[in-house]
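This report describes selected local features of a single model. The sequence and coordinates follow.

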Amino acid sequence: MRLYLASHRIGDAHARLLRMAGPGARVGVISNAVDYLPVADREAYARRVFDPISEFRSQGLDAYDLDLRGYFRRSEALLAELSRTQMVWAVGGNAFLLRRAMRQSGFDAIAPGLVWAEQLIYAGWSAGACVAAPSLRGLELMDDPAVLADGYQPETIWEGLGLIDAAIVPHFRSDHAEAEAAERTANWMVANRVPYRTLRDGDVLIQDGETLELHAGRT
């Protein structure tokens with residue numbers, strides 16, 4: 001199994017990610033975690049701050065926008081799309097909204113099997129990393145479970161994808177707006193005896209085979 005789970009953006013293991021993906025790999029960038037934001041704000045962020053599609057293309061990967069809303073109730077079409085894709089990259093935002101998109105598109109039923117069979121790399125940061133866990137319990141201290149966007153069902157989905165065996169708490173003790181919430185979330189995990197991994201910005205959890213390993217960031 002191959003996983004690349006970062007706290008913030010691509011993290012500090014770019015070279016490792018490129019080796020895992022391979023030259024020219026087709027990468028589906030899933031941005032549904034920010035579907036609650038106005039389109040103009042999302043476009044401005046991509047222009048001024050960070051655009052994962054442009055970033056991956058600059059590194060020689062064939063990146064494209066994989067909008068799961070286009071596959072709501074069309075899981076067979078999503079399976080066909082993922083069969084042509086070597087890696088998915090789920091961006092940060094609201095983990096609960098992203099999880100809804102994965103349920104309504106059938107991604108949560110399709111992708112884990114492809115990942116376990118090493119036919120697909122699962123990667124992402126913040127919310128995109130958090131949904132790889134067994135459960136999203138505790139993350140309500142960081143993300144609002146009630147956040148919705150057009151076309152989304154209101155039911156909160158607490159189950160994660162189950163690709164790893166512990167919860168992920170991103171932005172832990174980092175220079176990030178969510179650092180305080182991350183501290184509260186980690187304390188909740190301890191109090192409720194939930195296995196968890198904290199990630200500082202720059203850190204990446206990487207699995208390229210049998211073992212999930214921490215690549216510590218430079219800061």
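Is Thr 185 buried or exposed? Thr 185 counts as buried because its relative accessibility is 0%; buried means under 20% relative accessible area and exposed over 50%, with partly exposed in between (1.4 Å probe, protein chains only).

## Basis of the values

The model is predicted: local features need pLDDT of at least 70, side-chain atom pairs count only at pLDDT 80 or more, and totals for chains, interfaces and linings use all residues. Residues are numbered from 1 along each chain as its sequence is written, and side-chain values use heavy atoms, with hydrogens and water left out.

## Surroundings of Thr 185

Thr 185 lies in helix H8 (residues 179-191). Helices (H or I, at least four residues) and strands (E, at least two) are DSSP runs, numbered from the N terminus. Leaving aside residues up to four places away in sequence, Thr 185 touches Gly 138, Leu 139, Leu 141, Met 142 and Val 169, where contact means heavy atoms within 4.5 Å.

## Helix H6

Helix H6 (residues 107-116) is largely enclosed by the rest of the structure, because seven of its ten residues are buried. Among them are Phe 107, Ile 110 and Leu 114. The buried residues of H6 pack against several elements, including strand E1 (2-6), helix H5 (95-105) and strand E5 (121-125). Just after H6, Glu 118 takes a positive phi of about 60°.

## Strand E8 and its partners

Four of the five residues of strand E8 (residues 204-208) are buried. E8 pairs with E1 in the antiparallel sense over five bridges; two strands pair if DSSP finds at least two bridges between them. Arg 2 has Asp 208 in E8 as its bridge partner.

E8 also pairs with strand E9 (residues 212-215), in the antiparallel sense over four bridges. In the hairpin of E8 and E9, three residues separate the strands, and Gly 209 takes a positive phi near 140°.
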